[in-house]
Amino acid sequence: QVQLAESGGGLVQAGGSLRVSCVVSGRTYSRYILGWFRQVPGKEREFVAGISRSGDNTDYADSVKGRFTIVRDRAWNTVSLQMNSLQPEDSAVYYCAARATVLETSATLTTQDVDSWGKGTRVIVSS
């Protein structure tokens, strides 16, 4: 398994932007689909975005399409989520996630098949 450490959360006004990043530790970085989930108190953790092993394919929740962009940087073993046009409903704890796979092009992640989780970083969007 890999170890995941998020950073970059914080407070931002509605309409603003924020970037959260995740450092992936471990020699098998390239074997994992990477992604982001988020969770608010009292609700289930939900998928936000995923990126394939190759970095060529991405997947987004409908609620963030066109506003969020996920990228992975092989040189630094990181995955980042650029969040634009943030709204109060985007407020949550954001978790980095990794899933080992042999599939090069899949960017699909569900809470059930994630192998490793980060501890989360909080994002608060004020209205």
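This is a predicted model: local features need pLDDT of at least 70, side-chain atom pairs count only at pLDDT 80 or more; totals for chains, interfaces and linings use all residues.
**Entry on Ala-92**

I looked up Ala-92 and found it in strand 9, where strands (E, at least two residues) and helices (H or I, at least four residues) are DSSP runs numbered from the N terminus. Ala-92 counts as buried, because its relative accessibility is 6%. I then listed its contacts, meaning heavy atoms within 4.5 Å; leaving aside neighbours within four places in sequence, Ala-92 touches Arg-38, Gln-39, Val-40, Thr-121, Arg-122 and Val-123. I also looked up Ala-75, which is 17 residues from Ala-92 in sequence and 29 Å from it in space, C-alpha to C-alpha.

**Entry on salt bridges**

How many salt bridges does the structure hold? I found 6 of them, a salt bridge being a side-chain nitrogen of Lys or Arg within 4 Å of a carboxyl oxygen of Asp or Glu.

One of them joins the side chains of Arg-38 and Glu-46, at 2.6 Å from N to O. I wrote down that Arg-38 is buried, with a relative accessible area of 6%, whereas Glu-46 is partly exposed at 37%.

Another is formed by Arg-67 and Asp-90, whose closest N and O atoms are 2.8 Å apart. This pair links distant parts of the chain, since Arg-67 lies in the loop between strand 6 and strand 7 (68–73) and Asp-90 in the loop between strand 8 (78–83) and strand 9, 23 residues apart. Are Arg-67 and Asp-90 buried or exposed? I found that both Arg-67 and Asp-90 are buried.

**Entry on Arg-53**

I turned next to Arg-53, whose side chain meets that of Glu-104 in a salt bridge of 3.4 Å, N to O. Arg-53 lies in the loop between strand 5 (46–51) and strand 6 (58–60), and Glu-104 in the loop between strand 9 (92–100) and strand 10 (116–117), so the pair ties together parts that are 51 residues apart in sequence. Arg-53 is buried at 14% relative accessibility, while Glu-104 is partly exposed at 42%.

I then checked which backbone oxygens the side chain of Arg-53 approaches, and found that of Ser-30 at 2.9 Å and that of Val-102 at 3.3 Å from a polar atom of the side chain. Leaving aside neighbours within four places in sequence, the residues in contact with Arg-53 include Arg-31, Tyr-32, Ile-33, Arg-72 and Ser-106.

**Entry on strand 1**

Last, I looked at strand 1 (residues 3–7), which has a covered face made of Leu-4 and Glu-6 and an uncovered one made of Gln-3, Ala-5 and Ser-7. Strand 1 and strand 3 (residues 18–25) run antiparallel and are joined by 5 bridges, and two strands pair if DSSP finds at least two bridges between them. Which residue of strand 3 is the bridge partner of Gln-3? I found that the partner is Ser-25.

How values were computed: Residues are numbered from 1 along each chain as its sequence is written. Side-chain values use heavy atoms; hydrogens and water are left out. Buried means under 20% relative accessible area, exposed over 50%, partly exposed in between (1.4 Å probe, protein chains only). A polar contact is a pair of N or O atoms within 3.5 Å; within protein, one must be able to donate a hydrogen and the other to accept it, and residues adjacent in sequence count only if both atoms are side-chain atoms.
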